[in-house]
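User: I have a new model open and I'd like to learn how to read it. Could you walk me through it feature by feature?

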Amino acid sequence: MSKILKSGRFVGSAKGMHDHVKVELKIESGKIVDAQVLTSTASPFYAKISKLLAQEIISKQSSDIDAVSGASVTSRSVQDAAYAALKKAGGGAPTDLKLKDGVYTASASGHGAPLTVEVTTKADRIADVKVVHAMETPYVGDDAMKRIPREMVQQQTLNVDAITGATMTSQAVINAVHQALAKAGNPRAWAQRPFVKKVVPAEDMKADVVIAGAGISGLSTAAFAVKRGLKVILLEKNDQIGGSFRYSAGAFATHGSKAVAAAHQENDLTELLDWVKKANQDHPKRPIDMAFVKYLIENSGETFD
């Protein structure tokens with residue numbers, strides 16, 4: 001911070017993993033003499049991290065502190081909140097939004113593996129943001145990797161919302177862009193820029209049955225009700241239906257199904273087991289219990305019917 005700081009207590013806020021994080025700074029004679037991280041999250045680990053970050057703010061007399069390993073999202077939230085508090089105290093230079101022209105890459109931990117972004121800056125603007133490498137869950141993290149970069153460019157801010165149902169992928173994209181933009185300028189300043197949410201007009205609707213959740217159970221129940229002549233409203237928080245069934249990419253385990261047999265469709269147990277092995281041979285997070293998988297497949301037909 002290049003300006004003389006005003007004395008007093010100043011509070012800044014930033015979005016965290018689950019809620020907003022607040023940082024309260026006490027400033028006397030132009031120096032930060034106390035820092036407190038305020039949040040509704042209660043855990044010994046978070047309390048320890050918060051204390052370390054608060055001490056770092058005082059030690060460095062700045063919001064530009066090092067992230068704590070294993071708590072990158074929390075660290076960035078504290079950095080951004082501290083920056084906002086310092087801005088209220090008169091800190092910050094008018095060149096905060098200056099960016100060096102160039103193409104910058106950075107990575108952050110995603111849901112499946114490290115995720116890498118490429119950020120292009122030109123004429124003090126975020127010209128482009130791309131996810132160039134990721135191993136996130138198909139049909140789940142895809143929307144976050146497309147929408148968040150697009151909104152960052154359209155609204156010229158890093159202060160974007162995470163995508164419901166893909167929180168970890170969303171945070172990975174945001175964290176990686178923060179790190180990439182730090183090579184061109186001050187990402188804290190860009191995280192303070194406003195983000196305008198689209199407002200969807202309210203609509204009155206009437207139905208016989210309202211179902212919350214368009215996963216495989218919600219979809220099946222809705223179809224059951226419609227067949228019986230009921231008017232159904234099916235609610236889903238994501239922009240895609242199917243729930244966790246999307247993880248399977250549409251693969252059914254129907255071994256022993258009478259309905260499948262009647263349709264003259266082959267569903268061989270060995271082929272299904274081989275498919276599961278091949279689908280999980282690259283970068284598995286834990287060993288696959290094939291005995292349990294076999295048990296599930298052998299009993300799947302009756303459930304499917």
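**Reading the model, one feature at a time**

Analyst: Let's start with a spot in a loop: D124 is found in the loop between β5 (114-122) and β6 (125-133). Keep in mind that this is a predicted model. The backbone at D124 has a positive phi, near 60°, in a residue other than glycine.

User: Where does S29 sit, then?

Analyst: Look in the loop between β2 (20-28) and β3 (31-38). S29 isn't a glycine either, yet its phi is positive, about 50°. With a relative accessible area of 72%, S29 counts as exposed.

User: Let's zoom out. How many helices and strands does the chain have?

Analyst: There are ten helices and eight strands. The radius of gyration is 25 Å, well over the 19 Å that the globule rule gives for 305 residues, so the chain is more spread out than a compact globule. Along the principal axes, the C-alpha atoms fill a box of roughly 85 × 50 × 45 Å.

User: What share of the residues is buried?

Analyst: Buried residues come to 37% of the 305 in the chain. As for the surface, the chain exposes about 18,100 Å², and carbon and sulfur atoms supply 54% of that area.

User: And how do I read contacts along the sequence?

Analyst: Ask how far apart the partners are in sequence. Take the contacts with a separation of 6 or more: residues 24 or more positions apart account for 55% of them.

User: Next, charges. What's the general idea behind a salt bridge?

Analyst: Side chains of opposite charge can pair when their charged atoms come close. The cut-off here is a Lys or Arg side-chain nitrogen within 4 Å of an Asp or Glu carboxyl oxygen. This structure holds eight salt bridges. For the overall charge layout, the mean positions of the 38 positive and 32 negative charges are 8 Å apart.

User: Which residue does D80 pair with in a salt bridge?

Analyst: R76, with 3.5 Å from N to O. Both residues lie in helix α2 (residues 72-88), four residues apart, which is about one turn of the helix. D80 and R76 are both buried.

User: What about D128: what is its salt-bridge partner?

Analyst: That's K130, and the closest N and O atoms of the pair are 3.8 Å apart. D128 is partly exposed, at 26% relative accessible area. K130 also counts as partly exposed, at 43%.

User: Which parts does the pair of D161 and K197 tie together?

Analyst: Two loops. D161 forms a salt bridge with K197, the closest N and O atoms being 3.5 Å apart. D161 lies in the loop between α3 (142-155) and α4 (167-181), and K197 in the loop between α5 (187-191) and β7 (209-212), so the pair ties together parts that are 36 residues apart in sequence.

User: How do the accessibility figures read for that pair?

Analyst: D161 is partly exposed, with a relative accessible area of 23%. K197, at 55% relative accessibility, counts as exposed.

Note on methods: Residues are numbered from 1 along each chain as its sequence is written. This is a predicted model: local features need pLDDT of at least 70, side-chain atom pairs count only at pLDDT 80 or more; totals for chains, interfaces and linings use all residues. Side-chain values use heavy atoms; hydrogens and water are left out. The radius of gyration is taken over C-alpha atoms; the globule rule is 2.2 Å times the number of residues to the power 0.38. Buried means under 20% relative accessible area, exposed over 50%, partly exposed in between (1.4 Å probe, protein chains only). Contact means heavy atoms within 4.5 Å. Accessible areas come from the Shrake-Rupley method with a 1.4 Å probe; for residues, only the protein chains shown count as cover. Lys and Arg count as positive and Asp and Glu as negative; His and the chain ends are not counted. The place of a charge is taken as NZ of Lys, CZ of Arg, CG of Asp or CD of Glu.
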